[in-house]
Amino acid sequence: INLNSPNKGMLSDFMTDVPVDPGVPSRTSAVEGLTEVEEEELQAELVKVEEEIVTLRQVLAAKERHCGELKRRLGLSTLGELKQNLSRSWHDVQVSTAYKKTQETLSQAGQKTSAALSTMGSAISRKLGDMRNSSTFKSFEDRVGTIKSKVVGGRENGSDNLPSPTSGDQPLTDHAPF
């Protein structure tokens, strides 16, 4: 009930007063089919099982402490155990059928890729050789050789056939955009 509401103190039509006994747990539809004796037996069994769970947790905690103490005395560390577990797991993966099949497939793929690249390299090399022996390439090579001999040959003779940027009567002008 909202005490600040203008309808305070008014209950809706569907709400009714129900007496509540805090000492008695509410009954659910599943419990309604049980007799009081059956319900009491189940309650007693529930209490017993919960007590056993608490006892087992205490025993487990004591066993874990004892295990930790034994490991400490033996010099075993958590890191060492982790390494051992990882090593064992990796070994299990390596001996698995799926790993072996994958490894075999990747090996075959690598071999096929290597063979394909080798074949492609041979084909490219052969094509470049064919191209070098073509008349067009020989003509181009001759022209480059001629130009090279003119440039390098002229320098070897001591005369420079190329105009010098500092020679001439005109002063140098700076056309740089900076």
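## Rings, bridges and helices in a predicted model

Trainee: How many aromatic pairs does the count come to?

Mentor: Rings of Phe, Tyr and Trp (its six-membered ring) pair if their centres lie within 6.5 Å. By that rule, the count is one aromatic pair.

Trainee: Trp90 and Tyr99 make that pair; why does it get its class?

Mentor: Planes under 30 degrees apart count as stacked, over 60 as edge-to-face and the rest as tilted. The ring centres of Trp90 and Tyr99 are 5.8 Å apart, and their planes stand at 80°. So the pair is edge-to-face.

Trainee: Is Trp90 buried, partly exposed or exposed?

Mentor: Buried means under 20% relative accessible area, exposed over 50%, partly exposed in between (1.4 Å probe, protein chains only). Tyr99, at 26%, counts as partly exposed. Trp90 has a relative accessible area of 46%, so it is partly exposed.

Trainee: What ground rules apply here?

Mentor: This is a predicted model, where local features need pLDDT of at least 70, side-chain atom pairs count only at pLDDT 80 or more, and totals for chains, interfaces and linings use all residues. Residues are numbered from 1 along each chain as its sequence is written, and side-chain values use heavy atoms, leaving out hydrogens and water.

Trainee: Which helix has the highest confidence?

Mentor: pLDDT is the predictor's confidence in each residue, from 0 to 100. The protein averages 79, and 69% of the residues score at least 70. Helix α4 (residues 135–156) is lowest, at a mean of 81. The highest, at 95, is helix α1 (residues 36–74).

Trainee: What pattern does the protein follow along the sequence?

Mentor: Helices (H or I, at least four residues) and strands (E, at least two) are DSSP runs, numbered from the N terminus. The protein has four helices and zero strands. Read along the sequence, the pattern is α-α-α-α.

Trainee: How far apart are the end C-alpha atoms of residues 39–66?

Mentor: An unreviewed UniProt entry lists this span as "coiled-coil region". Such annotations may be inferred rather than shown by experiment, and positions follow the numbering used here. The span is 100% helix and 0% strand, with its end C-alpha atoms apart by 41 Å.

Trainee: How many salt bridges does a search of the whole structure find?

Mentor: A salt bridge is a side-chain nitrogen of Lys or Arg within 4 Å of a carboxyl oxygen of Asp or Glu. One of them joins Arg132 and Glu141 at 3.5 Å, N to O. Across the whole structure, the search finds three.

Trainee: With which residue does Glu69 form a salt bridge?

Mentor: Glu69 is partly exposed at 34%. The closest N and O atoms are 2.4 Å apart, and the partner is Arg72.

Trainee: Lys71 lies in helix α1; which helix holds Glu81?

Mentor: The side chains of Lys71 and Glu81 meet in a salt bridge of 2.9 Å, N to O. The pair ties together parts 10 residues apart in sequence, because Lys71 lies in helix α1 and Glu81 in helix α2 (residues 78–94). The helix holding Glu81 is therefore α2.

Trainee: What accessible area does the nonpolar patch with Met120 have?

Mentor: Patches take residues with over 30% relative accessible area and no salt bridge; nonpolar side chains (Val, Leu, Ile, Met, Phe, Trp, Tyr) are joined within 5 Å, like charges within 9 Å. Met120, in helix α3 (residues 97–132), is partly exposed at 46%. Areas come from the Shrake-Rupley method with a 1.4 Å probe; for residues, only the protein chains shown count as cover. Leu117, Met120, Ile124, Leu128 and Met131 together have about 500 Å².
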